[in-house]
Amino acid sequence: MNFFLFLPRKVSQWFSFFISLIAAVAVTFFLIAFVCSFSQMSVMFRIADAWHLRDSLFYTTNSDFSLSEEEKLAERNRILSTDGVLDANNISLYYLELPSKEKGFGITFINYSDSLLQDIRYELMEGSYPSRDQKNQVLLPAYYREFYKVGDTLTGKDSTFYTLENPYEIPITVTVAGFLTEQPTLIPYFGGTALPLNEIFSRHTGAFASGIEITYGIAFNFCDENGDVLPSVHTDLYLIRTDGSIPPGQVKENLSTVVESPALLHTGDEMIEDYI
């Protein structure tokens with residue numbers, strides 16, 4: 001079959017041909033963009049359901065205040081005593097230095113042993129979630145699958161509270177329970193008067209160290225050699241769950257009279273509506 005038989009033979013036909021071609025390309029790009037946007041929205045809505053955002057609020061203390069651990073605990077206690085609040089977690093972190101055959105890594109882990117985070121489930125590319133009674137279990141970001149495997153037992157250092165003035169490190173042995181797929185996960189250092197849903201839950205942190213993008217692992221039940229729970233360092237971010245007795249908007253009003261920075265309170269409904 002001769003392809004050239006289907007080509008236009010007049011100038012006017014060529015013009016119509018190019019217009020039709022451009023229109024077809026534009027429609028194709030539009031459909032691709034629509035499918036990608038729909039897929040992203042579906043992911044964010046699944047996250048909203050998994051985190052029960054319709055019944056929750058996020059709050060960040062003002063980082064300019066540099067609250068101490070004791071002050072953050074006091075803030076959490078004030079939140080818990082507020083009418084309409086069921087529970088509240090001050091999101092916390094561990095920082096571990098872990099060895100591998102090729103090089104060592106410093107990895108930040110979000111503490112998912114807190115009450116409101118225990119049941120959160122992300123997709124895993126390999127492995128499984130540990131049971132609640134298993135100690136010192138970690139889920140690693142996908143990047144580290146090149147260096148570790150499921151079931152590896154790693155002996156490293158917990159340097160969560162390490163400073164030059166106080167070189168505080170604790171030996172810790174953790175087991176790799178699985179690897180996270182690349183997907184939007186909680187970014188605990190994001191906060192402010194605007195709290196976009198697709199930024200507090202994102203695939204990328206936008207921060208790099210030694211040429212590697214900083215991504216967060218997940219920690220479960222970190223304990224020392226004596227079985228005592230290891231302290232974690234708290235971020236400025238709080239997850240608050242309402243008890244259903246009053247609407248989340250009313251809970252926000254109640255909390256506004258309690259917390260240090262009312263402008264940094266956001267209901268899950270507000271975040272979802274702003275995203276849409």
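Helices (H or I, at least four residues) and strands (E, at least two) are DSSP runs, numbered from the N terminus. By that rule, the chain holds five helices and 14 strands. This is a predicted model, in which local features need pLDDT of at least 70 and side-chain atom pairs count only at pLDDT 80 or more, while totals for chains, interfaces and linings use all residues. Residues are numbered from 1 along each chain as its sequence is written, and side-chain values use heavy atoms, with hydrogens and water left out.

**Whole chain**

Start with everything shown, coloured by pLDDT, the predictor's confidence in each residue, from 0 to 100. The chain averages 84, and 83% of the residues score at least 70. Of the 276 residues, 41% are buried (under 20% relative accessible area; exposed is over 50%, partly exposed in between; 1.4 Å probe, protein chains only). Contact means heavy atoms within 4.5 Å. Among contacts between residues at least 6 apart in sequence, 73% join residues at least 24 apart.

Select helix α1, residues 11-50: its mean pLDDT of 64 is the lowest among the elements of the chain. Strand β5, residues 137-140, has the highest, at 97. Next select residues 33-38, where pLDDT stays under 50 and the model has zero contacts beyond four places in sequence. Where pLDDT is low, the predicted coordinates should not be read in detail.

Two strands pair if DSSP finds at least two bridges between them. Select β2 (residues 85-98) and β6 (residues 153-158), which pair in the antiparallel sense over two bridges. Glu97 stands opposite Lys157 in β6. Thr155 has Thr173 in β7 as its bridge partner.

Select Thr267, which lies in strand β14 (residues 265-267). Thr267 is buried, with a relative accessible area of 5%. Beyond its neighbours within four places in sequence, Thr267 is in contact with Ser56, Leu57, Pro248, Gly249 and Lys252.

Move on to helix α5 (residues 268-275), where Gly268, Met271, Ile272 and Tyr275 are buried. Looking down the axis of α5, these buried residues fall within an arc of 95°, so they line one face of the helix; the arc is that of the directions from the helix axis to the C-beta atoms. Glu273 and Asp274, on the other side of α5, are exposed.

**Aromatic rings**

Rings of Phe, Tyr and Trp (its six-membered ring) pair if their centres lie within 6.5 Å; planes under 30 degrees apart count as stacked, over 60 as edge-to-face and the rest as tilted. The whole structure has 14 aromatic pairs. Select Tyr112 and Tyr122: this pair is edge-to-face, 6.2 Å centre to centre, with 65° between the planes. Both residues sit in the loop between β3 (105-111) and β4 (124-127), ten residues apart, and both Tyr112 and Tyr122 are buried.

Then select Tyr143 and Tyr144, whose ring centres are 5.1 Å apart and whose planes stand at 90°, so the pair is edge-to-face. Tyr143 is partly exposed, at 33% relative accessible area, whereas Tyr144 is buried at 5%.

Finish with Trp51, Phe58, Tyr112, Tyr122 and Phe201 selected together; they form one aromatic cluster.
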